[in-house]
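User: Can you walk me through this one? Start with the contacts, then we'll go to details.

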Amino acid sequence: MFKKTRIRLVILNTIVFVLLLNALGSALYFSIQYRLFSQVDRELVRSGKWFVQVPPPFLKPERKRLPDVDRRIVFLLWDDRGGLISKDYGESLEKDELNLFHPVDRSKEIENVTVGGQVYRVYTMTTDKRVIDRGFIRNVSHIQLIYNLEPEMKMLDTLLYVLGIGGLASILIALFAGLFLAKRALVPIQLSWEKQQQFIADASHELRTPLSVILVNLERLFRSPERTIEEESEHIMVSIQETRRLNKLVGDLLTLARSDSNELQILKQKVAMDELVQKSVHTFRQLAVVRGIEIETDIQQPLELNGDQERIQQLLVILLDNALKYSNEQGKIAVSCKREGQGITLVVKDNGIGIAKEDIPYVFDRFFRADKMRSRQTDGTGLGLSIAKWIVDAHGGRIRVESEEGAGATFTVWLPAKHG
C-alpha cells in the first residue's frame, strides 16, 4: 500500500514540477524573445523615421553609410506600381529573394519573414515621397527596412537548448528527489500505521482472554444447572473479576482513542496539588499495609497549578498503582511533590524489581509490559503508563523513568504551574 502511495506521490510531484518548470521556462524564453524583438523594432522605427525625413521633397539615397544605422538593416524602396526601385545599405540579399519581401504580401507593419531558412524582421512603411532613379523621378509607395535576426535567433535557440537540457535534468532530479522525499514523508505515516495495526492486534488479544474466561465459566454454569450458586461461587467470582478487568481495559482503550482524535480536552482550573497527592497516597496506603509496604511522603505545602484535577488524579493513581503493584513485599515507596522553577515536580519511587535497561525506552508504549510472567499475575493491561504520558503531555509537562533491574524504578513528572 505504501509503495503504491509513494509512486503516486512521486508521479504527482513530478507532474507539478514539470508544469511549473515549463511555465517558468516559457516565461523566460518569451520574455527574452520579446525584449530582443522590441529592441530590433525600436531600431527599425528610429532608422525609418530618419530615412524618410532626409531630404524632402525627394529621397536621395546615397551609397555612403547612414550614421547611427545598424549595418544589418537593408532598405528596400518600392514604387506605386509594385516594382523595386532600389536596395540600399546593410547586408546583401540575392535578387531572387527580394520579391519575397514585396509589401503587397505584408499584412502587418512589423513582422518576421523567413527567406531561405533565414529569419528577417521586416518593417514596412507607406509613403508618398519621390526619388530620382537614373534620371527619372519615381513615386515611392513603400519603404521597407529589413533586419537580419540571425544572432537573435541563435541566442534564442541556445536558450531553448539550455532550457530543454536543464528541464530533462531537472525531471530526473525531481524523480530521484521525489522518491527520497516521499519515502521520508511516509515514514511517520507508516510507523503510525504499523503502530495502529499492532495496537489493534494487542487490543484484540487482550480482549479475547477475559471474554474467553467469561464464556467458559458461563458454559460451565449452563451445563450444570442443578449446582447451587455457592458451589459455583469460585467460577462466578472469576467471571466477575474478568468482567471488571474487561471494563477497565475498554475504558482505557476509549480514553486513548479519544486522546488520539483530540476529543478529550483538558479542563483547566486551580488544583491544590499538595492536597490531591496526600489524598491519593492515603487511599493507597491502606492497600500497601496489607502487603507490608511502607509509603513515605515529602510534600511541600502549599502547591497549586492550573490543570485538570480529574486527569491529574488519574495520573497519580496510575503511578501509585504501578509502584504498589510491582514492589516487593515489605518494600518501600517514596512520594515527593515540590515546586521546581516555574512548575511542580512529582516523584514516585519504589524499590521493587525494576525495569531492564533495554525495556526503559518502551515503558510508555501501549500494551508494553516488561515482565510478561509478572503481568499475568497482576491486574494490568499495559495501558496505564501510556495514559499517564498523554496526561502529562496534555498539560505541557514531562515524564521520565529511571530504573535498574532489581533495584526499583523512579518516575519523575514535571508539570508547569501555569499552563495556558
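Analyst: This is a predicted model. Of the contacts in the protein with a separation of 6 or more, 67% are between residues 24 or more positions apart.

User: How many helices and strands?
Analyst: The protein has 8 helices and 14 strands.

User: And what share of the residues is buried?
Analyst: Buried residues make up 40% of the 420 in the protein.

User: How many aromatic pairs are there?
Analyst: The count comes to 3 aromatic pairs. One of them is F101 with Y120, and it is edge-to-face because the ring planes are at 85°, with the centres 5.5 Å apart. F101 sits in the loop between α2 and β4, while Y120 is in strand β5, 19 residues apart.

User: Are those two buried or exposed?
Analyst: Both F101 and Y120 are buried. F364 and F411 also form an edge-to-face pair, 6.3 Å centre to centre with 85° between the planes.

User: Where do F364 and F411 lie?
Analyst: F364 is in the loop between β12 and α7 and F411 is in strand β14, so the pair ties together parts 47 residues apart in sequence. F364 is buried at a relative accessible area of 15%, and F411 is buried at 3%.

User: Which peptide bond is cis?
Analyst: The bond from Q301 to P302 is cis, with omega near -10°. P302 lies in the loop between β9 and β10.

Definitions and conventions: Residues numbered from 1 in each chain as written. Predicted model: local features only at pLDDT ≥ 70, side-chain atom pairs only at ≥ 80, totals over all residues. Heavy atoms only, no water. Helix = DSSP H or I, 4+ residues; strand = E, 2+ residues; numbered from the N terminus. Buried < 20%, exposed > 50% of the residue type's maximum accessible area, 1.4 Å probe, protein only. Contact = heavy atoms within 4.5 Å. Phe/Tyr/Trp six-rings, centres within 6.5 Å; stacked < 30°, edge-to-face > 60°.
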